[in-house]
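Here is a short tour for anyone opening this one for the first time. Have a look at the sequence and the fold, then read on.

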Amino acid sequence: MFFTANLDLMPPFSMKWPSMRVAVVGTGRSGIAAAKLLHTLGAQVQILEKTIENVPKFFTEWLRQNNCEILFGDHNVHQFENVDLLIPSPGIPISYLQQFIPKEANIHIMSETEFAWYQLTDEKVLAVTGTSGKTTITSICSAMLKEQGINIFVGGNIGTPLSEYILNKKKAEIVLLELSSFQLQTCSLFRPNIAIFANIYPNHLDYHKDMDEYLSAKIQLCKNQNKNDLAILKSDMCEFVDHYNLKARIVFYSDRGRFPLNHLLGTHNRENFEAAWLACKELGVTENVAKHVAATFKPLEHRLELVKCLHGIQYVNDSKGTTVDALRVALESFEQPILLLAGGKFKGGDLTMLRPLIKERVRAVGLFGNSRGLFEGAWGDLVAITWDNSLEGAVIRLSSLAQEGEVILLAPATASFDQYMNYIERGKDFKRIVNEVLI
Amino acid sequence: MTRLVNKTQRLGHRVVSRSLHNSYDWWLVAITVMLLCIGLVMVLSASSMVAERITGDKYYFFKRQIIFAGISAFIMWITAIMPRSLLYKFQYPFLFIITVMLLLTLTPLATKVNGASRWLSLGVFSIQPLEFTKVALALYLAYFMSTKQELVKTFNKGVIPPFAVTLILALLVLAQPDFGGSAILIMILFFMCLIGGTRFIYLFISIAVFFAMAGALVLYSPYRARRLAAFLNPFQDAQNTGYQLVQSLYALGSGGFFGTGIGASSQKMFYLPEAHNDFIMSVIGEELGFLGITIVMGLLLLLFIRSYVIIINQKNLRDRFSAFSVTLVIALGTILNLAVVMGMAPPKGVSMPFLSYGGSSLLATMFCIGLLLNFSRSVK
């Protein structure tokens, strides 16, 4: 992305970590892990962090003990002057950082994932990305591989940074990584043995400049693969192969109904499972194991999660559904009439696209939080829309409206930051309301 | 220009030497082959893990380097056996092509890496025009200084043409931007002027102008000013800049006498597209130890000794200057790379002749060796 991975270039590549001065920006989990790993490799590390309060105490201790420098405050040009390599935290927009990097400086930007990836030895790498479904696919893969008895490491966007795996030195056979577009954007040579592409929807437009940048970031997952690697793409992604000149062995997946799923709801989840199966098959997972996992795998919290069935009404928590397309997927998962809970910090997308679905499947919409005008403008003429200040109010209102056999679905199509810390808190609040407030 | 050869020895070998009148400097060939082999082994050792990570093929870079070595050995051979007059005929076309290539690096046709466009992609591989520019400039200056000896002392005809040519090339390289590359071109000019006999006054003035312009360039960019200040005063910020020097020296010495073994340091390698330095020498120091470094330095020293013999035994002035100029190119590369590795020069991305990975550098170097072998025919 920021450099064309052209292996025909002939740079003097005999670079050694001890000769490098590396700036790590941000003291999130991945930044901390990267800093520690860099120090272990002998590189000279400099940490840049905007807010002092963000730095965990144990890390301040570690920095002191290891004589590493940390610079606080707003970024400025001077911080990047003596730096060879930059490892940014995934949450930081690169366009923002680039204004501080002097053009002559020739500083390479590398993601923490790619940095740690260089330290792997013979582990096979399975990487998953996509707008939605990546955590589900990663979790299914993890379940299948573990069930098969294969020693794996699961990390990346899903939790543990790859650098921590390297630092812990507990060797696994397979490294399973969930990667967001933020991480992929700063990857240049990263090459997984197996890549799974969940899907692409407009997302994070508040971060990436536009869909093009978002797409090119995501496709970085497959860009460096060669014919010995495998790319598992959704069936509607055929044009990507030619457009981006992908060289991997390609397999397209769709819902075949191959393994009946007991707990996972929706077509999209059947597709997710199929994708995971195609990957794990390559890694030695048998059909029996896959069947077993299909029968027992429970969805992840806040992702189309059935909270409770009360008076014949299903209460489903899809707080993770922060986009319009996630909402579409959620709506398509149910045949019964839906009472939809929506509202919050809108991230972009076209709500009017959902009008046919709303008309067909949604009986009532209970809004809460911000973006009221947006929703009312898009669907106001199709369905009865109400608004409450809080989620609790909206839930109580809808539960009094709902009838037996219907679904009350929390699929807000927005981020939660107007009223909650994150989608997890929003989901937890919903579960609390359903379990404790409703009678 | 005294002959080193002993008269009695010559008489004794007259019969033999007549039949071997076309004898090349086989010492030079042997040294070159040995350095090449060491280079190939080091490329394999340094790159295998990185290659496997990036491409899935441990031998990816090694295979390419073998091909580069093969092609450049062929070039060396051709250059060595070709009649000198024919080689000299190609001088201006060579210079012209190089200038065109440099111009191309400034167009969108060039591959841009981290904001610098030093490479021209030719499909399967890329070339770095700078490597050939050094040779072309050196040979041109040799031609000028040798054939226009009577003009060299003058300004209009003796100073301006070589300076102008160098400046144009240096500016084109500077525009890439490649400060290290343009500095090397200026250094080539300086040394060639020195042996060519340019008046010292002109040299002093031009050095002063050069430093003034360089100073202006540096001051114009606060970033560069700071880097220069940090470099010039390493103890001011020991944490930052003194660190690299210490690290390099440590790596050079950390291999012990015999080294940690080939392949031992490959875990620490990774791939950077536009690297700042090339640390292959410190890899050698670590993996092959003190013994290895000594052998490599010894071979390089022998190479320069053989070059010296060849240079001073040239009867023709142009031949002598040309032999000197190509030796200069190799020597500058060697010294600058070592200086960076030892922390004595700011990182400038200069590759080590024979030992660094890369086709352009190897081709240019082997071309120089070929020329030296060509000149060695005239020795004895």
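Among contacts in chain A (heavy atoms within 4.5 Å) between residues at least 6 apart in sequence, 68% join residues at least 24 apart. Keep in mind that this is a predicted model, where local features need pLDDT of at least 70, side-chain atom pairs count only at pLDDT 80 or more, and totals for chains, interfaces and linings use all residues. Residues are numbered from 1 along each chain as its sequence is written, chains are lettered from A and ligands numbered from 1 in the order in which they are written, and side-chain values use heavy atoms, leaving out hydrogens and water.

Some overall values for chain A:

| Property | Value |
|---|---|
| C-alpha span along principal axes | about 70 × 50 × 40 Å |
| Buried share of the 439 residues | 61% |
| Accessible surface (Shrake-Rupley, 1.4 Å probe) | about 17000 Å² |

Chain A has 16 helices and 18 strands, taken as DSSP runs (helices H or I, at least four residues; strands E, at least two) and numbered from the N terminus.

Now zoom in on helix 14 of chain A, residues 372-379. Here Phe375(A), Ala378(A) and Trp379(A) are buried, meaning under 20% relative accessible area, with exposed being over 50% and partly exposed in between (1.4 Å probe, protein chains only). They sit on the same side of helix 14 of chain A because they cover an arc of only 75° around the axis, going by the directions from the helix axis to the C-beta atoms. Gly373(A) and Gly377(A), on the other side, are exposed. What do the buried residues of helix 14 of chain A pack against? Their partners include helix 12 (324-332) and strand 17 (384-388) of chain A.
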